[in-house]
Amino acid sequence: MSTISLVAGIISLAVTAVAVSLAVVGIRQMLRVIRAGQPAVGRTDQPTKRLGTMLKETVLHTRMLQWTWVGIMHWFVFAGFIYLSTAVLTGYFQVWDPHFLLPIIGTWYPFVWLTEILSWLTVIGIAYLIYIRQKNHPRKLDRKSRFFGSTFWQAYFVELIILGEGLAGIFIRAAEYRLLQVEGSDHANFAHFPLTGWIGETLFGGLSASGAETVIVLVALSKILMAMVWLAVIARNITMGVAWHRFSAWFNIYFKREADGGTALGGLVPLYLNGERLDMEKMEDLEEEDFEKLGVGKVEDFSWKGILDFTTCTECGRCQSQCPAWNTEKPLSPKLLMMGLREHAYAKVPLLEKDADTLTEDEKRELERPLIGDEDLFGVIDPDVLWSCTNCGACVQQCPVDIEHVDHIDNMRRYQVLVESNFPTELNNIFKGLERKGNPWGMNPKNRMDWAKDLDFEVKQVGEDVESLDEVEWLFWVGCAGAFEDRAKKTTQAVAELLNIAGVDFAVLGDGETCTGDSARRAGNEIVFMQLAMENVEVFKETKVKKVVSTCAHCFNTLKNEYKEFGVELEVVHHTQLLNRLVREGKLKPVAPAAGEAEKTITYHDPCFLGRHNQVYEPPRELLGAIPGSTYAEMPRHSEKSFCCGAGGARMWMEETIGSRININRTEEAIATGADQIAVGCPFCRVMLSDGLTAKQADGEARVEVEVLDVAQMLLASVKREPSAEESEAVVSEAEAATGAAAATGGGDEDKATEAEPDVEAEADPGTLTDTSDVGAAAEATETGESESEANAELDEPVSAGREEDIAIAAESNIVVDDEGKGHGAVEAPSTQEPEETAEAGEPAKSSESEDTENVSDTLTTTGATAADEEPTPDPEPEAGDATDPEEESVPSKDDRPEIPATKENDPDESPAEEIFGGSPTSDDDSDREEERGAITPVEDAAEPDPVAEDVAQLSEGNPSGSELSDSATQAAADEDDDKS
């Protein structure tokens with residue numbers, strides 16, 4: 001044994017002893033902090049599934065490969081770290097004996113080949129990752145860098161150690177080749193050294209046997225030193241996630257929320273107290289101190305899995321790069337949030353075990369530090385960070401080690417709402433609306449069926465048209481937005497029409513429906529959520545609900561994933577899923593546009609609670625693809641990487657006062673595709689993108705033709721489109737061909753279909769006929785052989801008496817009534833001059849003189865009958881300042897004319913009916929009326945109405961559009977493309 005081997009051997013053992021002892025201390029301290037957390041329910045069930053999930057995500061790198069090339073290169077480093085640990089083990093023997101080889105496998109071809117391949121791949125992989133870190137360094141990109149805020153010295157340290165270990169593995173193999181070559185061994189060939197033999201020839205070709213031995217000893221010692229220095233450094237820095245995740249990630253993935261491998265999205269984790277799920281019954285028995293444990297108010301209130309999450313964060317910044325809050329200049333970064341909580345946990349928890357008298361001032365300050373508080377309070381997390389989250393789930397989707405950011409954020413919100421009563425003031429209104437009216441708008445629940453008033457078919461309602469949902473196939477869950485928000489009502493109507501066209505048997509709950517509670521739960525008000533959920537679940541059980549279709553992605557998510565906590569299992573589908581199924585089955589048939597009609601470009605925005613939370617990506621796209629006459633344009637950020645609209649996490653009800661607006665950012669991306677229509681599948685998304693589009697159109701940065709529509713509206717427009725002449729002719733030709741074929745074969749089914757019909761010459765039984773005088777002209781026309789259309793045409797023709805006589809007869813048949821409903825004589829016949837119609841906004845004008853005259857006569861007749869029979873008392877005139885809703889307080893009339901407001905000019909008490917509807921205008925008014933008639937554009941010549949105008953809400957002064965957002969709208973996608981290139 002040479003002197004250098006002896007020295008190297010002693011050094012390696014001494015360094016190893018120090019490093020291992022430090023590591024033991026560090027691991028014990030880490031476990032003590034993690035165990036300080038509260039119980040984590042349901043993290044040890046289904047061990048076989050959990051083991052399979054862990055191996056799949058680690059060995060196969062399934063989550064890392066969401067970013068393709070980064071994932072591939074990281075796998076090289078991961079595999080090299082594990083496999084080349086054998087090289088470090090070999091080094092402990094080589095420092096004593098340079099000729100040492102592992103028994104049996106030391107010269108086995110597969111082993112030596114794999115060793116060399118992984119050595120090179122480790123070097124290549126870590127070099128690529130170093131390049132990516134430098135390319136995306138904050139010194140160039142500032143906040144746009146996903147590494148903004150990461151601890152760079154730790155990353156550099158880990159990267160250099162890995163690079164050094166990889167190179168050491170290559171050089172020691174090259175030195176071994178030279179030693180065997182000098183000694184004349186049969187193994188000194190390129191079959192045993194396929195990727196390192198050439199280095200042994202060129203770099204160490206002039207070395208003697210002793211020189212090669214010395215190189216082997218020194219390189220082996222360097223491998224051991226690098227490994228032990230790395231271990232000692234991370235042992236002294238247990239918050240060094242970039243290094244510790246190599247060990248903790250295995251456990252973090254194994255104990256993830258979903259044993260089957262799903263992400264911690266969909267339903268929010270329930271509120272636990274002392275390891276048990278909180279329910280309303282248990283709340284009555286809670287002690288006063290228990291109420292202070294609702295949610296997370298201190299770092300030790302997190303579960304042990306939560307602290308393990310903080311420990312495992314690798315600071316890679318994938319979550320940060322996808323976060324809509326961070327991308328719009330808000331203070332929330334999921335990565336920095338985890339880092340801050342980790343530093344605080346590992347600083348505070350050890351102090352809990354110390355005697356308060358022995359603490360320093362800095363330690364006392366850390367111990368008393370509030371978890372949520374601004375800079376003045378020395379809070380760990382700023383309130384603006386906490387309330388900027390939209391719960392979109394992009395951070396959870398992107399995290400390669402399964403950190404559950406959304407659950408942790410909402411648990412902290414629960415404490416702020418339930419214990420501290422410290423939350424944004426805007427949420428007060430929705431909490432009150434949900435508690436008092438069962439919807440966040442605070443609207444009257446009796447108006448939940450108003451959306452169905454304009455439909456030309458009856459919508460079945462449970463309790464009125466059907467007793468229970470056993471009688472129909474689907475419960476159509478309308479939701480609060482679908483019932484009360486004007487734009488969402490159109491989606492509700494479209495879905496109802498499509499289901500009716502397809503022959504789907506469905507019903508709604510009407511005023512028996514209340515809010516699912518999504519906004520309350522995501523805002524932290526778990527109590528209100530539980531109250532609403534229990535109310536709905538009781539209705540579900542009473543009405544025997546089994547299958548539900550919902551147009552709201554938030555309702556869909558809550559009903560599907562969260563109501564099972566309350567003992568009800570439902571089959572819940574999104575309306576795009578059901579409609580897509582109906583199109584596939586041929587029950588809904590989209591029609592191609594007429595020849596020459598311009599093709600429209602459509603882009604689709606993935607709702608977060610439909611896509612990332614529930615993995616529904618393809619049905620809406622398939623549905624849009626089935627609409628003829630359109631092309632599809634995908635936004636750069638879509639599907640799993642889709643950008644949020646900004647409404648989730650109860651942000652729908654809070655104003656954005658920091659940074660730029662999320663909805664503007666997303667709208668700019670949609671506009672950039674050149675789309676004519678922006679398709680959505682959620683009413684929240686529609687509100688946000690419509691407002692964003694309005695702002696961009698007002699600034700002249702978007703075409704006025706662009707509109708935001710729900711997928712269901714687009715499908716309905718296609719289904720109800722009139723077929724082209726060619727299609728109609730093809731259908732007729734096909735029918736004629738079928739008829740001819742049937743005739744050629746002797747009638748076939750046609751004879752069977754018509755055999756029950758009587759012959760033309762067959763006489764009817766006189767006893768079954770009704771005299772025509774008893775049934776009127778329609779029956780008379782039938783008896784004489786006239787067609788129905790001819791009979792109806794005759795009925796539509798005026799009698800020969802003439803217009804003046806008609807009016808006189810109508811006037812004689814009516815009486816004038818006063819304000820008390822008493823009659824005072826005949827109504828004066830109106831003038832035959834064409835009246836001037838005054839309509840409210842949105843009502844169509846009358847198009848012909850004959851319609852006007854007939855409506856006037858009908859109205860006069862109806863008025864007289866009603867006045868005589870019912871004698872209604874008119875509503876009192878509203879006083880000044882009366883805020884009563886005119887739509888809710890007005891009495892419906894059978895008059896088809898638009899309602900004329902009672903103004904000073906047309907007050908019914910001051911102006912006779914003929915002045916309003918048909919009285920002769922003064923000569924001064926004639927010229928004005930002629931000018932008005934000249935200004936009216938015929939309906940057939942009128943321009944198409946602005947498709948956006950009725951689908952958007954105006955932005956208030958407190959709700960301005962952002963600026964300079966286009967760069968941030970596509971930066972994440974651009975960065976990813978660079979990483980994949």
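**Note on the aromatic contacts**

1. Trp477, Phe529, Phe540, Tyr563 and Phe566 come together as one aromatic cluster, where rings of Phe, Tyr and Trp (its six-membered ring) pair if their centres lie within 6.5 Å, with planes under 30 degrees apart called stacked, over 60 edge-to-face and the rest tilted. The model is a predicted one, in which local features need pLDDT of at least 70 and side-chain atom pairs count only at pLDDT 80 or more, while totals for chains, interfaces and linings use all residues. Residues are numbered from 1 along each chain as its sequence is written, and side-chain values use heavy atoms, with hydrogens and water left out.

2. Searching the whole structure gives 25 aromatic pairs. One of them, Trp230 with Phe247, is tilted, at 5.9 Å centre to centre and 45° between the planes. Because Trp230 belongs to helix 9 (residues 209-236) and Phe247 to helix 10 (residues 241-254), the pair ties together parts 17 residues apart in sequence; helices (H or I, at least four residues) and strands (E, at least two) are DSSP runs numbered from the N terminus. Trp230 is buried at 8% relative accessible area, whereas Phe247, at 33%, is partly exposed (buried is under 20%, exposed over 50%, partly exposed in between, with a 1.4 Å probe and protein chains only).

3. Trp653 and Phe684 make an edge-to-face pair, 6.0 Å centre to centre with 90° between the planes. Trp653 sits in the loop between strand 8 (630-632) and helix 28 (662-672) and Phe684 in helix 29 (residues 683-698), so this pair ties together parts 31 residues apart in sequence. Both Trp653 and Phe684 are buried.
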